[in-house]
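Subject: Structure handover

Hello,

Here is the structure for you to look through. Notes on its pockets, its cavity and some of its helix contacts follow below.

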Amino acid sequence: AATPAPFRPGLEGVPATQSSICDIDGQRGVLTYRGYPLDQLASSSSFLETAYLLIWGELPTTEQLQEFEQEVQMHRRVSFRIRDMMKCFPSGGHPMDALQSSAASLGLFYSRRALDNPEYIVSAVVRLIAKIPTMVAAFQLIRKGQDPIQPRDDLAYAANFLYMLTEREPDPLAARIFDACLILHAEHSLNASTFSARVTASTLTDPYAVVASAVGTLAGPLHGGANEDVLEMLGQIGSPDQVAPWLDRAIAGKQKIMGFGHREYKVKDPRAVILQTLAEQLFDQFGHDPMYDLARKLEEVAAERLGPKGIFPNVDFYSGLVYRKLGIPEDLFTPIFAIARTAGWLAHWKEQLGANRIYRPSQIYTGQPSRDWQPVGAR
Ligand code: SDX
């Protein structure tokens, strides 16, 4: 066996794979998907085009994109069996738990062990990209006691999700900005949920279990769940003049400031920069949100106190303000993150199949030395 590498908590700095999907320059705050800068994709591409790029490695031609969009459109609907299953879920349950269960249940409908069949790979990608948003929207309505709204064939991907939440056709700017948010959240190299996806994929289980495993990981507040907590934190602070005293108390109490910090970025997350411009576009069109001024003030004060430690806003800091302006309920913020990141998880699933080696890292044993069992009376 190879000489064991030094133990690094959270595998910090430990390369767990080789990958050609996404590159992060944490010092310069630059993120590229298959070599393309994120800001170019966010302003010029679409989520489905970006998903295609991430999964198959190249930007699609006109024909390839049309075919992919049509395939996704044809598979948007979700079986009544899954919708009926959701009707049995507790209505107070969190949508991430509903999504994890329903994503895993897709595996009950499709054959599991056809990973050597390229057709199976494509159909699994299409089904998951197509059905995840429908399942998120369906549970949202079901838990309100309403019937889910069927997807409309004449609406593009992002617009269709907003429509399925509200039964109203979204404003074109809102749909465009939501599509850009999906691009921004689509992929981020070996974050915790993508690592889960790769470990799960490495056992050659079905892709539905891979996505379900990643959804469960993303749900944690230290990972995808932070965007929900940021708005709650801003609500607690209350007003810009309360920011400095609140932050000093939080830092003194060793509290993690939600939406700040990152294992890779030691400067402001480039996605936070783009999300701010999207938020400002929405405020110009639909009216200002004073909570944004509070967030800007927090960022400014935190720059003095946490900036020297390389702690700056991450992707979760402004995303909640964009979704709030789009009228999206707070506990759907992380499910939306999951809708987008399904593209990245599937790209890594496909790449892991090619790596074809099960993850089985070593450990440093710190437990008891060998010892004999004692009968209960002798303990
Ligand atoms: C995402 O990995 C990805 O790529 C994730 C993601 C993606 O696209 O998939 O980018 C999405 O998950 C964004 C992060 C969302 N989570 C949060 O905003 C929660 C708050 N952030 C922290 O929990 C933390 O910054 C993490 C989890 C994001 C990163 O943690 P690390 O790299 O393990 O850093 P750490 O916990 O070891 O902290 C290092 C130091 C510590 O100080 P010391 O003990 O050395 O004195 O920095 C401090 C920490 O206390 N620190 C913070 C802080 N984050 C780190 N202090 C206050 N507030 C914070 N947010």
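**Pockets and cavity**

The lining of the second largest pocket is made up of 14 nonpolar, six polar and three charged residues. In these classes Ala, Val, Leu, Ile, Met, Phe, Trp, Tyr, Cys and Pro count as nonpolar, Asp, Glu, Lys and Arg as charged, and the others, Gly among them, as polar. The model is a predicted one, in which local features need pLDDT of at least 70, side-chain atom pairs count only at pLDDT 80 or more, and totals for chains, interfaces and linings use all residues. Residues are numbered from 1 along each chain as its sequence is written, and side-chain values use heavy atoms, with hydrogens and water left out.

The second largest pocket holds about 770 Å³ of space. It is lined by 23 residues, and Leu11, Val14, Arg360, Pro361 and Ser362 are the closest to its centre. A pocket is an open set of points on a 1 Å grid over the protein atoms alone, with protein on both sides within 12 Å along at least five of seven lines; a cavity is a set of points where a 1.4 Å probe fits but cannot get out; lining residues have an atom within 4 Å of a point. Grid points are joined across faces, edges and corners, and a volume is the space filled by probe spheres set on the points.

The largest pocket has a volume of about 1,700 Å³. Of its 49 lining residues, Leu222, Gly261, His262, Arg263 and Glu264 lie nearest the centre. Strand E1 (22-25), helix H9 (192-201) and helix H16 (333-355) are the elements that give two or more residues to this lining. Helices (H or I, at least four residues) and strands (E, at least two) are DSSP runs, numbered from the N terminus. By class, the lining of the largest pocket has 20 nonpolar, 16 polar and 13 charged residues.

There is one cavity of 30 Å³ or more. Its lining consists of Arg76, Ala130, Pro133, Thr134, Tyr157, Asn160, Phe161 and Met164. Helix H6 (118-142) and helix H7 (157-166) each give two or more of these residues, and the largest share, four residues, comes from H7.

**Helix contacts**

Helix H13 (residues 270-286) and helix H14 (residues 290-305) have axes that come within 12 Å and cross at roughly 155°. Axes are lines fitted to C-alpha atoms, for helices over the stretch in contact, and angles run from 0 to 180 degrees between N-to-C directions. H13 and H14 are therefore roughly antiparallel to each other. Angles under 35 degrees count as roughly parallel, over 145 as roughly antiparallel, 65 to 115 as roughly perpendicular and the rest as oblique. Gln276, Glu280 and Phe283 of H13 make the contact with Tyr292, Arg296 and Glu299 of H14, where contact means heavy atoms within 4.5 Å. These residues comprise two nonpolar, one polar and three charged.

Helix H4 (residues 80-87) packs against helix H5 (residues 95-105) at about 150°, with the axes 11 Å apart. H4 and H5 are therefore also roughly antiparallel to each other. Ile82, Met85 and Met86 in H4 meet Ser101, Ser102 and Ser105 in H5, a contact with three nonpolar, three polar and no charged residues.

Helix H15 (residues 316-325) and H16 pack at an angle of about 105°, their axes 10 Å apart. That makes H15 roughly perpendicular to H16.

Regards
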